[in-house]
Amino acid sequence: MGTNLKTRSVTAHVPEDMAARVDAAVGRLERSKNWIVKQALADWLDQEEERSRLTREALADVDAGRVIDHQAVQAWADSLTTDSPLPVPR
């Protein structure tokens, strides 16, 4: 009852020290190089997709004028080391 997932090979040249770290992880995790590289690539792709989504969201906020004045943020940050910190700017 397995899935018939199509795959293809992707080749990358990596620095020797990185390859050595992968080799060490193979022994430590008792997983194949293939599994480790697929896991790392999947995690990186997820992270990059999220970064892109957040960037688009932030740019939409800027376009809509939903921004906080730099001086207000600076005053708030400066107040954090005082006895009376300012409320978070909104």
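Modeller: Residues are numbered from 1 along each chain as its sequence is written. The model is predicted, with pLDDT of at least 70 needed for local features and 80 or more for side-chain atom pairs, while totals for chains, interfaces and linings use all residues, and side-chain values use heavy atoms, without hydrogens and water.

Biologist: Why is S79 called buried?

Modeller: Buried means under 20% relative accessible area, exposed over 50%, and partly exposed in between, with a 1.4 Å probe and protein chains only. S79 has 7% relative accessibility, so S79 counts as buried. S79 is found in α3, residues 70-79; a helix here is a DSSP run of H or I with at least four residues, a strand is a run of E with at least two, and both are numbered from the N terminus.

Biologist: Why is Q47 called exposed, and what makes Q74 partly exposed?

Modeller: Q47, in helix α2, has a relative accessible area of 52%, which is over 50%, so Q47 is exposed. Q74, in helix α3, has 37%, which falls between 20% and 50%, so Q74 is partly exposed.

Biologist: Which backbone atoms does the side chain of S79 reach?

Modeller: The side chain of S79 reaches the backbone oxygen of W76 at 2.7 Å and the backbone nitrogen of L86 at 2.8 Å. A polar contact is a pair of N or O atoms within 3.5 Å; within protein, one must be able to donate a hydrogen and the other to accept it, and residues adjacent in sequence count only if both atoms are side-chain atoms.

Biologist: What is S79 in contact with, leaving aside its neighbours within four places in sequence?

Modeller: S79 is in contact, meaning heavy atoms within 4.5 Å, with S84, P85 and L86.

Biologist: How do you know that the reach of α2 is close to the expected one?

Modeller: The expected span is 1.5 Å times one less than the number of residues in the helix. α2 has 31 residues, for which 45 Å is expected, and α2 reaches 45 Å from its first C-alpha to its last. α1 has 14 residues and reaches 20 Å, close to the 20 Å expected.

Biologist: What makes a space a pocket, and not a cavity?

Modeller: On a 1 Å grid over the protein atoms alone, a cavity is a set of points where a 1.4 Å probe fits but cannot get out, whereas a pocket is an open set with protein on both sides within 12 Å along at least five of seven lines. Lining residues have an atom within 4 Å of a point.

Biologist: Which residues lie nearest the centre of the largest pocket?

Modeller: The lining has 19 residues, of which V10, K33, N34, V37 and K38 lie nearest the centre. α1 (16-29) and α2 (33-63) are the elements that give two or more residues to this lining. α2 gives the most, with seven residues.
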